[in-house]
Amino acid sequence: MNNLKNLRGTVDLLPDQLIKWQNVEKILLEQLFRASIKEIRTPILEMTELFKRGIGEGTDVVSKEMYTFLDKGERSCTLRPEGTASVARAFIQNGMSSSPLQKLWYMGPMFRYERPQAGRQRQFHQLGVEFIGYESVRSDVEIIALAWDILRKLGIKELNLEINSLGDFNDRSNFQKSFSKWLEINKNSLDVDSQNRINKNPLRILDSKNIQTKKILESAPKLFNFLSEKSLERYLKLKNQLEVLKIPYIENFNLVRGLDYYSHTAFEITSGALGSQATVCGGGRYDNLIKQMGGKDTPAIGFAIGLERLILLAGNDLDVSRRTDIYIVNQGLIAEPFAIDLSRKLRSYDLLVELDLSGASFSKQFKKANKMNSKSIVVIGDKEAANKEFVIRLFDKESSGNKEEIIPFDSDIKLEQWLNNNLLLN
Ligand code: ATP
Ligand code: MG
């Protein structure tokens, strides 16, 4: 029988890598908490209809990339390819519009059937933030600043923020009339993918990565020139406020983003350190989505950060694990159960405690503690256990023996004194 393997485009995250993931997640959670943004968790599996309606049938994600199947009840189900549609559904379905201003975040796996390559997987992870009910330019600015600060806090370098305005529905339909005429004339010079988009999702052609198409597009009409005065004013305010915050930006009038629901502000943050899959964060305003999905007219803006790309970029100092505080060396019939009891007690002081379960000789266990670079060790043999006491000492090579102490199991005062002097207050 062939060995079993994971599916193409999926990845096992192993303990050594997860040290960095967990350190990154910890910083993310702290940042979100400080910005007073609340978590929401929606199912990974949803009705296919949600994404068709929410993201749009003409998008790459819906037309090519979804993991869709029939369940045993013949219902069409899809593994979520992104988070915004699910959050919008949950917002409507759970009556969350009764308090119309909501700052929400989610984090978890997303699924897209794409060609796997560096920074592109079929199961990947996103952190997303959605500000629902917020209409003012200030919410656009806060959300961009939040994404920017999160990336900066993680020590990510060579960041570029690109912004654009997609205007409102009217602006876009005015543009599309003129763009369609241009497409009719220039159709044959475009790459095949772009040609296929002409009838399905012409706006997305602007976002093409094909070099020749990009060149030809330079002569195409610009959506930006079709913005109404009101949309333009909004965009200028956004730029102005980013300048006040000293967040540098680049205007990219070809930035449209892949999903149908965006309006006005669209933005992406890329890093020069990433290579070809350079976009680490993408976001924008989606004022029509919630109404279109059957809810009340509710403006909203959000972004999503790709965690795999974030981890590739995050500083090496996030790659370090916490040192073990206490390694419990133990051997013997009475000692072993006693050691379990002690490990629970020591952990109640929020210490990282490693209990050796090998039953190996004391010298082997000492070696292991040394290798782990534990700050201190506890030693329990049958003699100590019978006396209901244990030996504790710092494991630093220089100070070995200095701070050794015998502590009775029941003496919390003595134990706390030692911990305070040697571990907790350091
Ligand atoms: P791309 O242009 O790279 O395909 P996208 O526009 O499809 O990105 P979004 O839907 O905006 O991506 O998702 C936000 C972020 O999620 C991206 O900027 C990226 O960091 C990450 N992401 C998207 N698809 C993948 C994937 N297949 N593998 C890993 N990360 C991804
Ligand atoms: Mg994509």
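How many bridges join strand β12 to β14, and in which sense do the two run? The legends below take up this point first.

This is a predicted model: local features need pLDDT of at least 70, side-chain atom pairs count only at pLDDT 80 or more, and totals for chains, interfaces and linings use all residues. Residues are numbered from 1 along each chain as its sequence is written, and side-chain values use heavy atoms, with hydrogens and water left out.

**View 1. Strand β14 and its partners.** Strand β12 (residues 326-330) is joined to β14 by 5 bridges, and the two run parallel. Strands are DSSP runs of E, at least two residues; helices are runs of H or I, at least four, and numbering starts at the N terminus. Two strands pair if DSSP finds at least two bridges between them. Valine 329 has valine 379 of β14 as its bridge partner. Strand β15 (residues 389-394) pairs with β14 in the antiparallel sense, over 4 bridges. Here serine 376 is partnered by leucine 394 in β15.

**View 2. The two faces of β14.** Because 5 of the 5 residues of β14 (residues 376-380) are buried, the strand is largely enclosed by the rest of the structure. Buried means under 20% relative accessible area, exposed over 50%, partly exposed in between (1.4 Å probe, protein chains only). Ser376, Val378 and Ile380 point one way, Ile377 and Val379 the other.

View 3. Aspartate 325 lies between α11 (307-313) and β12. It counts as buried because its relative accessibility is 3%. Its side chain makes a polar contact of 2.7 Å with that of arginine 322. A polar contact is a pair of N or O atoms within 3.5 Å; within protein, one must be able to donate a hydrogen and the other to accept it, and residues adjacent in sequence count only if both atoms are side-chain atoms.

**View 4. Glutamate 130 in strand β6.** Glutamate 130 sits in β6 (residues 123-132). It is buried yet has no salt bridge, defined as a side-chain nitrogen of Lys or Arg within 4 Å of a carboxyl oxygen of Asp or Glu. Arginine 257, the nearest side chain of opposite charge, is 9.3 Å away. A polar contact of 2.7 Å links the side chains of glutamate 130 and tyrosine 286.

**View 5. The largest nonpolar core.** This core has 48 residues, and Phe303 and Leu310 have the most contacts inside it. A nonpolar core is a set of buried Ala, Val, Leu, Ile, Met, Phe, Trp, Tyr and Cys residues joined through side-chain atoms within 4.5 Å. Helix α5 (residues 137-153) gives the most to this core, with 10 residues.

Methods: Chains are lettered from A and ligands numbered from 1 in the order in which they are written. Lys and Arg count as positive and Asp and Glu as negative; His and the chain ends are not counted.
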